[in-house]
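Please keep the sequence and the model in view while reading.

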Amino acid sequence: MQLNQLAPNFELPDLEGGFHKLCDARGKIVIINFWSAECPHSGRTDRLILDLLEKWNRQVELLSIAANQNESIQMIAETATARSMPRILIDAQHIVADQYEAMTTPHVFVLDPEGLLRYRGAVDDVTFRRRTATQFFLREAVESLLQGSLPELNETPAYGCTIVREI
């Protein structure tokens, strides 16, 4: 995965069994969000992302991907409903997570309308030592693209819970 290069296409099922391809979102800014039902950091950022999506008024597509092997479909579905998540894609064998080199939940990747990777990393600057966000990397990246320019900051270390690849 190289910045400013075409992001690899993928096709994953959602919780209802329908399949979704990344290339179907071409023409919109896309946020690929590696997501977890159990991770408190994922839960914390869900509300922020959903609020931003509403503000961006359908100009941005969110593809949240559950790739933790230890999370059941039932747990994912219940948590997604409780958090009002619009759609969760299932990467049970973490093939897409491996392809994107996603390490944590959340770990976000922002693509421009042509499908080029323009940002990857954390949603904001919350860490173990900084409990309150002072910088919102995801918002800054998307809003730069909405204004027709490239994000000033295109990569940050992702922060959250490690994606569980083996149990």
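A residue is called buried here when its relative accessible area is under 20%. The model is a predicted one, and by that cut-off Phe34, with a relative accessible area of 0%, is buried. Phe109, at 1% relative accessibility, likewise counts as buried. These two residues form an aromatic pair, edge-to-face, with 5.8 Å from centre to centre and 80 degrees between the planes. Because Phe34 lies in strand β3 and Phe109 in strand β7, the pair ties together parts that are 75 residues apart in sequence.

The structure holds four aromatic pairs, and another of them joins Phe10 to Tyr100, whose ring centres are 5.9 Å apart and whose planes stand at 80 degrees, so that this pair, too, is edge-to-face. Phe10 belongs to the segment before β1 (11–13), whereas Tyr100 sits in the loop between α3 (95–99) and β6 (104–105), so the pair links distant parts of the chain, 90 residues apart. Both Phe10 and Tyr100 are buried. Ring pairs link Phe10, Phe34, Tyr100 and Phe109 into a cluster.

Turning to the nonpolar cores, the largest has 27 residues, of which Ile31, Trp35, Ile88, Val110, Leu138 and Val142 touch the most other members. Two or more residues of this core come from each of β3 (29–35), α1 (40–56), β4 (60–66), α2 (73–82), β5 (88–90), β7 (107–111) and α4 (137–146).

Definitions and conventions: Residues are numbered from 1 along each chain as its sequence is written. This is a predicted model: local features need pLDDT of at least 70, side-chain atom pairs count only at pLDDT 80 or more; totals for chains, interfaces and linings use all residues. Side-chain values use heavy atoms; hydrogens and water are left out. A nonpolar core is a set of buried Ala, Val, Leu, Ile, Met, Phe, Trp, Tyr and Cys residues joined through side-chain atoms within 4.5 Å. Buried means under 20% relative accessible area, exposed over 50%, partly exposed in between (1.4 Å probe, protein chains only). Helices (H or I, at least four residues) and strands (E, at least two) are DSSP runs, numbered from the N terminus. Rings of Phe, Tyr and Trp (its six-membered ring) pair if their centres lie within 6.5 Å; planes under 30 degrees apart count as stacked, over 60 as edge-to-face and the rest as tilted.
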